[in-house]
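Please look over the sequence and the model before turning to the points below.

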Amino acid sequence: MGDAVTCRLRVDPIACTGHGLCAELFPEWISLDDWGYPIVTPLPIPDRLLEHAKRAVAACPKLAIVIDPVQPRDAHDRSA
């Protein structure tokens with residue numbers, strides 16, 4: 001058996017300028033704080049939502065949000 005890989009979203013807070021496009025495109029996983037900066041759910045993204053995540057990443061004008069692979073043993077780690 002091979003190890004399945006899941007993904008998580010990660011925001012670079014230095015690069016992000018708070019456009020909010022990511023939250024508009026992927027509200028299931030991204031909310032905005034009081035200043036318009038993204039807050040991402042730290043859990044692995046379900047396969048059924050991965051296309052939404054990719055669309056949100058592609059739309060970021062500052063390339064501040066990325067999809068990181070997560071190995072299965074880390075997939076349920078909520079402290080990320």
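The structure is a predicted model. Its chain has 2 helices and 4 strands, and from the N terminus these elements follow the order β-α-β-β-α-β.

**Overall layout**

- Of the 80 residues in the chain, 30% count as buried.
- Where contacts join residues at least 6 apart in sequence, 63% of them link residues at least 24 apart.

**The largest nonpolar core**

- The largest nonpolar core holds 17 residues, and those that touch the most other members are Leu 9, Phe 26, Trp 29, Ile 30, Ile 45, Ala 53 and Ile 65.
- At least two residues of this core come from each of β1 (6-11), α1 (21-25) and α2 (50-59).
- The element that gives the most to this core is α2, with 4 residues.
- Leaving aside residues up to four places away in sequence, Ile 45 touches Cys 7, Arg 8, Leu 9, Phe 26, Trp 29, Leu 50 and Ala 53.

**The buried side of α2**

- In α2, the buried residues are Leu 50, Ala 53, Ala 56 and Val 57.
- These residues lie on the same side of α2, because they cover an arc of only 120 degrees around the axis.
- An α-helix has 3.6 residues a turn, so residues three or four places apart point the same way.
- The partners against which the buried residues of α2 pack are β1, α1, β2 and β4 (65-70).

**An exposed tryptophan**

- Trp 35 is found in the loop that runs between β2 (30-32) and β3 (38-40).
- Trp 35 counts as exposed because its relative accessibility is 69%, and the cut-off for that class is over 50%.
- Although Trp 35 and Gly 20 are 15 residues apart in sequence, their C-alpha atoms are 9.9 Å apart in space.

- Rolling a probe the size of a water molecule over the atoms shows where empty space is left.
- A search of the whole structure finds 1 cavity of 30 Å³ or more, and the largest cavity contains about 110 Å³ of space.
- The largest cavity has a lining of 14 residues, and Cys 16, His 19, Gly 20, Cys 22 and Cys 60 are the ones nearest its centre.
- Sorted by class, that lining consists of 9 nonpolar, 4 polar and 1 charged residues.

Notes. Residues are numbered from 1 along each chain as its sequence is written. This is a predicted model: local features need pLDDT of at least 70, side-chain atom pairs count only at pLDDT 80 or more; totals for chains, interfaces and linings use all residues. Side-chain values use heavy atoms; hydrogens and water are left out. A nonpolar core is a set of buried Ala, Val, Leu, Ile, Met, Phe, Trp, Tyr and Cys residues joined through side-chain atoms within 4.5 Å. Buried means under 20% relative accessible area, exposed over 50%, partly exposed in between (1.4 Å probe, protein chains only). Contact means heavy atoms within 4.5 Å. On a 1 Å grid over the protein atoms alone, a cavity is a set of points where a 1.4 Å probe fits but cannot get out, and a pocket is an open set with protein on both sides within 12 Å along at least five of seven lines; lining residues have an atom within 4 Å of a point. Grid points are joined across faces, edges and corners, and a volume is the space filled by probe spheres set on the points. Ala, Val, Leu, Ile, Met, Phe, Trp, Tyr, Cys and Pro count as nonpolar, Asp, Glu, Lys and Arg as charged, and the others, Gly among them, as polar. The arc is that of the directions from the helix axis to the C-beta atoms.
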